[in-house]
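Please read this report with the model open beside you. Follow each part in turn.

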Amino acid sequence: MEDRTHSRLTRDGIRIYEAADFDGMHKAGKLAAQILDDVTALVQPGATTGAIDAWITETVENSGATSATIGYKGYKHASCISVNHVVCHGIPGDKVLKEGDILNIDVTVIVDGWFGDSSRMYVAGRPNRKAERLIQTTHDALMLGIEAVKPGNTFGDIGAAIQSYVEAQRMSVVRDFCGHGLGRVFHAPPNVLHYGRPGTGARLEEGMFFTIEPMVNLGRPETKILADDWTAVTRDKSLSAQFEHSVGVTSDGCDIFTLSPAGKFHPTWG
Ligand code: MF3
Ligand code: CO
Ligand code: CO
């Protein structure tokens, strides 16, 4: 009954999916990526985060897909939009974007029961030099983490790749939030930490599906949650950035399910 895909669990409770399941994840991931490509045009000084989210809600519906976040633990929106010192889980609303604001837009869709979860950075207008460096470092840290994804490596190898790179740039990795297994569910084991030591943690196996979604701060790593019980901000008010891909471990590396169809994952400006 439960095991329709014949997938199994490892000792650590991590699901191992079948080869055919990659197709479902590619479809869901592609829709998330397409939405993140197309939303770029809406990110302009003067736009509200609520208007951007309304467009995402409509686009998910028009695609015949379902938003994974609407109704998730009482969350009411199809995206999280995290501006400047907001680390993650920013709630879309009346906030008006101004020139130079940097923001993460995070979208999770369900297509045929499969979850596609991805987020990227955007800029309203042009970023300042520090913001630009933060965005570049966070993007590159995610891609270095992804390079560590192959059978035989461990989750600690992913975290270590991200942490060592970020700290060498004199920025910090947020500890309070992590990536996660996903597939036919939104959040499943393991917790994918964005810091750690090489060789530690569970071993990666072909057929594991999970996100990597490092949050990087210009200042200190500590966060706090605002009174709305969702919005996470940097305690020291420093700028924060995040990129997220959903990936699946293959025989010799990984598939990125949420690749941008237009090659727009990394933002450009000017
Ligand atoms: N998409 C987020 C993640 O990367 C989770 C958002 S949950 C929400 O895991 F309820 F805040 F939308
Ligand atoms: Co995620
Ligand atoms: Co996400």
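## Two metal sites

Donors are N, O and S atoms within 2.8 Å of the metal (3.2 Å for Na, K and Ca); water is not among the atoms, so sites may look incomplete. The protein donors of the cobalt ion (ligand 2) are Asp117 (OD), His180 (NE2), Glu213 (OE) and Glu244 (OE). The cobalt ion (ligand 3) is held by Asp106 (OD), Asp106 (OD), Asp117 (OD) and Glu244 (OE), at 2.1 to 2.3 Å. The two cobalt ions, ligand 2 and ligand 3, are 3.3 Å apart, and Asp117 coordinates both.

What is the arrangement around the cobalt ion (ligand 2)? Six donor atoms subtend angles of 51 to 161°, which makes it irregular. The site of the cobalt ion (ligand 3) is irregular too, with angles of 58 to 167° among six donor atoms. The test runs as follows: four donors are tetrahedral if all angles lie between 85 and 135 degrees; four are square planar and six octahedral if opposite donors are over 155 degrees apart and all others between 65 and 115; anything else is irregular.

## About the model

This is a predicted model: local features need pLDDT of at least 70, side-chain atom pairs count only at pLDDT 80 or more, and totals for chains, interfaces and linings use all residues. Residues are numbered from 1 along each chain as its sequence is written, chains are lettered from A and ligands numbered from 1 in the order in which they are written, and side-chain values use heavy atoms, with hydrogens and water left out.

## Where the donors sit

Helices (H or I, at least four residues) and strands (E, at least two) are DSSP runs, numbered from the N terminus. Buried means under 20% relative accessible area, exposed over 50%, and partly exposed in between (1.4 Å probe, protein chains only). Asp106 counts as buried, at 12% relative accessibility. Asp117 is buried as well, at 2%. Glu213 and Glu244 are also buried.

In sequence, the donor residues of the cobalt ion (ligand 2) follow the spacing D-x62-H-x32-E-x30-E. Glu213 lies in the loop between strand 11 (209–212) and strand 12 (215–217), and Glu244 in the loop between strand 15 (240–242) and strand 16 (245–249), so the pair ties together parts that are 31 residues apart in sequence.

How does the length of helix 2 (residues 49–62) compare with expectation? Its 14 residues should span 20 Å at 1.5 Å a residue, and the end C-alpha atoms are 20 Å apart, which agrees. The expected span is 1.5 Å times one less than the number of residues.

The buried residues of helix 2 are Thr49, Ile52, Asp53, Ile56, Thr59 and Val60. They cover an arc of only 125° around the axis, which puts them on the same side of helix 2. The arc is that of the directions from the helix axis to the C-beta atoms. On the other side, Glu61 and Asn62 are exposed.

Val39 lies in the loop between helix 1 and helix 2. At 0% relative accessibility, Val39 is buried. Leaving aside neighbours within four places in sequence, Val39 is in contact (heavy atoms within 4.5 Å) with Ile52, Trp55, Ile56, Ile105 and Tyr122.

## The nonpolar core

A nonpolar core is a set of buried Ala, Val, Leu, Ile, Met, Phe, Trp, Tyr and Cys residues joined through side-chain atoms within 4.5 Å. The largest has 33 residues. Phe155 and Met208 are among those with the most contacts inside it. Helix 3 (129–147) is one of the elements that each supply at least two residues. Its share, six residues, is the largest.
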